[in-house]
Structures are given as structure tokens and as C-alpha cells.
Amino acid sequence: MKAVGLITEYNPMHKGHVKHLEMSKELSGADVAVSVMSGDFVQRGEPAVMDKYLRAASAVNSGVDLVVELPVRYATASAEGFATGAVDILHYLGVDSICFGSESGNINALTKIASVLASEPDGFSDLIRENLKTGMSYPAAREAAITSLGIFDGKKVHNLLSSPNNILGIEYIKSVIRNAYDIKCFTYERTGLAYDEAFNETNDGAAFASSFAVRNEIFEQLDALMATIENNADLDDDSLNEIIRNDLFKKVFESIPDETEDIMSESFGRAMPVGIDDFKEMLAYKINRLMYETNFKKKELIERLCEYEGIGDNLAGRIANNYLPKATITESIMNIKDKSLTYTAVSRALIHILLGIKKKRDNEAIDNLDDASNGEVFVFDSKPDTVPYIRILGMNKKGREYLNSIKKDCLVPIITKVAGNEEILAEDIFASNLYNLVIAEQFGIDVPDEFKRGIYIYESGFTGESF
């Protein structure tokens with residue numbers, strides 16, 4: 001069986017993701033689509049809007065054959081770490097190809113940039129250093145260094161390296177090249193709303209929404225939903241679902257595939273949405289605990305903060321001086337960020353503190369480039385070893401057949417049960433436990449934990465408990 005790999009978050013699953021699935025099979029000629037999906041926390045340094053099990057079920061119902069989890073350490077990393085983990089997993093799963101959407105849609109152009117970054121020609125790193133010394137941000141310094149090689153003119157280099165899907169695509173290709181994996185890369189031009197574009201009066205008719213637009217609409221309408229539930233105690237489930245689908249969240253449901261509508265409508269106001277500010281008290285406790293352990297001495301606090309993945313001296317100092325313990329996390333991020341630190345870079349850092357994700361081992365990152373500009377930096381603080389396991393979240397019959405065909409030759413453990421694998425899954429279990437605590441607090445339900453939920457099987461449901 002020929003398999004194509006999809007690197008995803010499905011936060012949440014929308015019609016653009018269905019197009020990605022269809023284009024991936026068409027371009028690659030694959031029989032099976034295998035998705036590596038972020039768990040309960042995602043690459044922007046935020047919790048997913050709905051938990052990984054519901055998102056895996058949505059993906060399988062929409063035609064993805066096999067869904068595996070990207071471990072939280074990689075799922076919340078910058079572009080390089082995110083790509084490193086995902087491509088490693090797809091390699092171990094024996095996929096023949098990877099396909100992704102990009103702003104460019106030009107695999108040759110993206111591959112040329114990726115090849116430079118993978119090989120780092122003589123003097124390339126030195127040139128970046130020299131550019132940084134002039135006051136350039138890291139992305140600008142990198143662009144200037146690549147432009148100097150004469151591959152493309154400066155404008156084209158900038159366009160390729162300033163778009164988020166291009167950046168991730170370049171990282172996927174770079175990881176394939178560096179590891180000499182026998183994986184072919186395909187891309188197609190992404191259409192519809194831009195990655196950071198919300199719904200407005202002029203784009204409501206767009207064929208494909210962005211995940212950002214869908215999430216933004218969910219949170220925009222959340223207060224109205226909670227007020228409806230509070231003010232209508234006798235409202236039955238069918239009537240509430242009608243309000244959710246055809247009134248409050250009409251734009252959302254117009255943007256998601258039919259196969260995922262029931263999952264989302266049944267979860268609204270019951271187990272979703274989850275947002276970063278829901279973790280305010282947890283993070284405040286964690287940072288106050290660090291302050292206590294360092295005797296409230298700022299220098300020692302900064303040293304401790306630098307132990308966490310993605311945090312260098314500059315960012316640690318900004319957190320120590322600008323974190324707002326009584327404010328929302330969003331407000332703290334805005335207070336910490338500056339010209340050299342984007343919102344996403346700060347958000348990821350705070351999530352790593354919350355989840356206890358520390359650097360695996362010391363690494364002499366160049367001048368703390370992890371703190372540079374837009375946070376999408378091509379360094380990974382601790383250069384972790386390859387992903388040590390593959391965790392299955394969902395599958396259909398074809399996915400099961402594919403898994404059975406490759407599992408004997410897989411070089412890392414394929415995990416279908418948490419029990420017995422607690423040590424290797426510790427970071428992911430902890431992250432999901434915190435996520436479930438927020439659901440319990442926000443919505444008053446007890447969500448089955450990592451040991452009880454099981455795997456989602458198409459047309460059969462979860463092998464473990466549901467809620």
C-alpha cells in the first residue's frame with residue numbers, strides 16, 4: 001500500500017483540510033492517508049480548541065485513514081522542532097510522500113530554500129551572524145544571507161520566507177533532506193482565507209476558511225452560547241443543537257465538513273471550546289512556585305526560566321520583569337513581547353513553563369536565536385533525539401490494514417495503550433491531564449483520562465470510555 005503523510009493540527013477540522021486530504025492523494029497517487037496531528041496543545045503555543053480525541057475522530061470521519069499523535073514537545077515547538085518530530089514519525093511509518101498546502105505552491109522554489117538551510121554552505125552561518133550584528137532581526141538576516149547566494153532575488157526570498165505555510169513546508173523538506181529520508185514532497189497552492197484572517201463582511205463567501213477564522217468565530221460567539229444555556233434551563237438538546245448550528249455558530253458549521261458536524265455540535269458548551277486564558281491560574285501558580293524556589297531573586301529566576309525549551313536570556317528576562325500574575329495569559333503575552341519577540345514565541349515559552357517542557361540537554365544556540373524576531377527560527381534549543389514512539393489516536397479499516405503491514409518493520413514502538421507506557425508518554429499524559437482539568441472546571445464534566453479513552457475506530461467509536 002502506498003501512503004502519503006499529512007502534518008496537521010485540525011484545530012478544528014474544516015473544509016480546507018478536506019481539500020488537503022484530497023489533493024494529497026491526487027498528487028501522490030497514494031492509497032492511504034496518514035496524519036501526524038498535534039495533541040491537546042498546538043504549535044502557536046496554545047491549547048487546541050477541542051481535545052485531540054474529538055479532533056482525531058473528526059479527521060477519521062472525514063476520510064483520513066490513520067491518525068497518530070505528535071508528542072507535545074514537538075507540537076509546541078518552533079517550525080523546525082515541529083517539522084522534525086512530524087517527519088521522523090512519518091518516516092518510521094513508512095510513508096512514500098508528504099503533501100502540504102503552501103502560499104507558494106511551488107515545490108521547486110521551496111526545495112531550493114530548504115536545500116540551502118539543510119546544507120548551510122560555507123560561510124552561511126557567519127554571514128547570518130554578521131547581519132545580526134548590524135541590528136537585523138533573525139528572519140531579515142537569514143533572508144539577506146540566502147539572497148546573497150543568488151538563488152532568487154530578494155523579493156522572492158522574502159515572499160517565500162514570510163508566509164507561515166511556506167515556512168513549515170520548507171522545514172518539512174529540510175528535515176527530509178538532512179535525514180536522507182526516502183520521502184517525496186508535494187505541495188499545492190493554498191486558497192481561501194489567509195492563515196490569520198477572520199470572517200468579515202467581504203469574505204463570508206470564501207470557499208475555504210482558515211482555522212484561525214473558525215476559532216475566532218467560536219470564541220466571539222461563546223458568551224452568547226453560555227448566556228443561552230444559562231437563560232434557558234429547559235432547553236432540550238435538539239433545540240440547543242439547532243441554535244448552535246443555524247444561529248450562533250452558522251459560519252463555523254458552514255466551514256466544517258458534514259462528517260464532523262455532530263462531533264462539534266454535541267461538544268459545544270459541554271467539552272469545548274478551550275482557550276489559553278483558561279490556564280491562567282495554573283500558569284500563575286507555576287511561575288509563583290518558581291519565584292518561591294529561587295527565593296524571589298530575579299537573577300536566579302531568570303536562570304531557572306532558561307531551563308525551559310525555547311527560552312533564552314532575553315526572553316527569560318522579559319518574563320521575569322513583565323509577566324502579569326493577576327492578568328490573563330493573553331495580557332501577559334502582550335506585556336512580554338517586544339520588537340524581537342513575537343506573540344507566538346512568548347506564548348510557546350509560557351506553555352513550556354506550564355507543561356514543564358525543559359531542554360533535553362545544553363545546546364549553544366547562536367546568540368539566543370530562539371528569542372529572535374518572529375519566533376519561527378530555524379534552531380531547536382535542545383536538539384532532542386529522534387521521536388521515540390508512535391501513539392495511535394484513530395483509524396479506519398484501511399488505516400488498520402496499513403498499520404498491520406508496517407508494524408513489524410517499524411523501528412520505534414507503536415503505542416495503542418497508555419498503560420505500561422507511562423514513562424515514555426509522561427509529557428503527553430501530563431499535558432492532557434491539565435487540559436482535562438480545565439474542561440472539568442469550565443464545563444463541569446469528568447473527561448476520561450489518557451488511560452481510559454482508547455483509540456477512535458471509524459463507525460465503532462472509541463475503544464475506551466466516552467463522556
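Colleague: Which helices and strands each supply at least two residues of the lining of the largest pocket?
Modeller: This is a predicted model, where local features need pLDDT of at least 70 and side-chain atom pairs pLDDT 80 or more, while totals for chains, interfaces and linings use all residues. Residues are numbered from 1 along each chain as its sequence is written, and side-chain values use heavy atoms, without hydrogens or water. Helices (H or I, at least four residues) and strands (E, at least two) are DSSP runs, numbered from the N terminus. The contributors are strands S1 (3-8) and S6 (97-102), plus helices H1 (15-28), H9 (164-179), H10 (211-231) and H18 (343-355).

Colleague: Which element gives the most to that lining?
Modeller: Helix H9 runs over residues 164-179. With 6 residues in the lining of the largest pocket, the top contributor is H9.

Colleague: What is the volume of the largest pocket?
Modeller: A pocket is an open set of points on a 1 Å grid where a 1.4 Å probe fits, with protein on both sides within 12 Å along at least five of seven lines; lining residues have an atom within 4 Å of a point. Here 40 residues line the largest pocket, and Glu 9, Pro 164, Asn 165, Leu 168 and Tyr 195 are the closest to its centre. Its volume, the space filled by probe spheres set on the points, is about 1100 Å³.

Colleague: How many residues apart are Arg 453 and Asp 51?
Modeller: Their side chains form a salt bridge (Lys or Arg nitrogen within 4 Å of an Asp or Glu carboxyl oxygen), at 3.4 Å from N to O. Arg 453 is in the loop between H20 (426-443) and S10 (456-457), and Asp 51 in the loop between S4 (46-47) and H2 (52-61). This pair links distant parts of the chain, 402 residues apart.

Colleague: What is the phi of Glu 120?
Modeller: Glu 120 lies in the loop between H5 (107-119) and H6 (124-133). Most residues other than glycine have a negative phi. Glu 120 is not a glycine, yet its phi is positive, about 45°.
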